[in-house]
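Subject: Structure for you to look over

Dear colleague,

I am passing on the structure below, together with some notes on what turned up in it. Please read the notes with the coordinates open beside you.

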Amino acid sequence: MAEETPDVEEGIVYWENQPASYDGVLGGYGKGSLPRIESLGSRQFLLGLYPELSTVPSAYKPLNSPEHPKRVRALDVGAGVGRVTSDTLLHLVSDVVLLEPVGPFVQEALQRARASAAPESTPSANSEDRSFWPGLADHSKSATILQGTLQEFDPLNPHRVAFLDRLGYQPPRPEDDINLGFDIIWCQWCLGHLSDADLVAFFKRSHAALKKDNPRSLIVVKENLCPDLPGKARTVFDEQDSSLTRSDLAWKSIFEEAGLKVIRQKVQEGLPGELYAVKMYALR
């Protein structure tokens, strides 16, 4: 395993100096086809696990879908400017809680959510403006925005992070949501900023936060992969942003240590060949 470990503050400083935009959070790949291809891959992966979330007649949608389905609640950690929430999760689930430590990013996410929640808000035809968050304006869905680090965050007891706002649907008793738990905990392009020990601890807290009344609740990890060594796990430390890139075997070792089992895995297709491979893991 890598001898160097991520430094939380150094990672935050790095990202504070990147643009608070799709291009900034995606390392210069925000203006091309990558965001759409990546989010479609995520939606297809999630629909394979929760076919009832399909909103249109399709091969995913069960014939016997309930007329009044239960609200599905997701957590989006390391949420950046809210791209995964707006482009992936809110298309499928009812309520999303976002957590992001970087000030400019979380403020941009807040502005995008508030703009989308305005009564007159509609999707923009401008391909450069991807700030529309579905379901907020008509209050059918909600987005709750928190600021804090994963190292400090407990999904069931979020008192060590800052609450910024909740947009869209408002439950009759908002305080009941705090300990409600989650059907889906989505972790994408952020877990490299946790050491192995912090990552195992976060996964254990996340597992405890999955809804007990939903046996299909799960954690999704979507991260870059460096190649394994022959028959051996590998990690690569990036001094620029103080993060780790783990290999497939390294990830699976962490999952096992955290008591999680991989129930489905898939490599994201269609990304530029010069980038690291990106893989999705569904865990219970």
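A crossover is called right-handed if, with the strands pointing away from the viewer, the path from the first strand over the helix to the second runs clockwise. Helices (H or I, at least four residues) and strands (E, at least two) are taken as DSSP runs and numbered from the N terminus. With those terms in place, β5, helix α6 (residues 196-208) and β6 form a right-handed β-α-β unit.

Before going further, please note that this is a predicted model, in which local features need pLDDT of at least 70 and side-chain atom pairs count only at pLDDT 80 or more, while totals for chains, interfaces and linings use all residues. Residues are numbered from 1 along each chain as its sequence is written, and side-chain values use heavy atoms, with hydrogens and water left out.

Strand β5

Two strands are treated as paired if DSSP finds at least two bridges between them. On that basis β5 runs parallel to strand β1 (residues 73-77), to which 4 bridges join it, and it also pairs in the parallel sense with β6 over 5 bridges. L75 has I185 of β5 as its bridge partner, while I184 is partnered by L218 in β6.

Because 5 of the 5 residues of β5 are buried, the strand is largely enclosed by the rest of the structure. Both of its faces are covered, with I184, W186 and Q188 buried on one side and I185 and C187 buried on the other.

Nonpolar cores

A nonpolar core is a set of buried Ala, Val, Leu, Ile, Met, Phe, Trp, Tyr and Cys residues joined through side-chain atoms within 4.5 Å. The largest such core has 32 residues, and those with the most contacts inside it are L53, L89, V93, W133, L136 and I184. At least two residues of this core come from each of α3 (34-49), β2 (95-100), α5 (103-117), β3 (142-147), β5 (184-188), β6 (218-226) and β10 (277-283), and α5 gives the most, with 5 residues. A second, separate core of 30 residues includes L75, L146, L210 and I219. In soluble globular proteins, nonpolar side chains tend to be buried together.

Contact means heavy atoms within 4.5 Å. Not counting residues up to four places away in sequence, W133 touches V81, G82, T85, S86, L90, L98, A109, R112, A113, S116 and A143.

Cysteines

Taking a disulfide as a pair of cysteine sulfur atoms within 2.5 Å, a search of the whole structure finds 0 disulfides. The sulfur of C187 is 5.9 Å from the closest cysteine sulfur, in C190, which is too far for a bond. C226 is likewise in no disulfide, the nearest cysteine sulfur, that of C190, being 17 Å away. C187 is buried at a relative accessible area of 0%, and C226 is buried at 4%.

Two serines

S242 lies in the loop between β7 (235-238) and β8 (243-247), whereas S243 is found in strand β8. S242 is buried, with a relative accessible area of 1%, and S243 also counts as buried, at 9% relative accessibility. A polar contact is a pair of N or O atoms within 3.5 Å; within protein, one must be able to donate a hydrogen and the other to accept it, and residues adjacent in sequence count only if both atoms are side-chain atoms. The side chain of S242 reaches the backbone nitrogen of D7 at 2.7 Å, while the side chain of S243 makes a polar contact with the side chain of D241 (2.7 Å). Leaving aside neighbours within four places in sequence, the residues touched by S242 include T5, P6, E10 and H193, and those in contact with S243 include P6, G192, H193 and V236.

Backbone angles

Most residues other than glycine have a negative phi. H139, in the loop between α5 and β3, has a positive phi near 65° and is partly exposed, with a relative accessible area of 44%. W189, in the loop between β5 and α6, has a positive phi of about 50° and is partly exposed at 28%.

With best wishes

Conventions:
Buried < 20%, exposed > 50% of the residue type's maximum accessible area, 1.4 Å probe, protein only.
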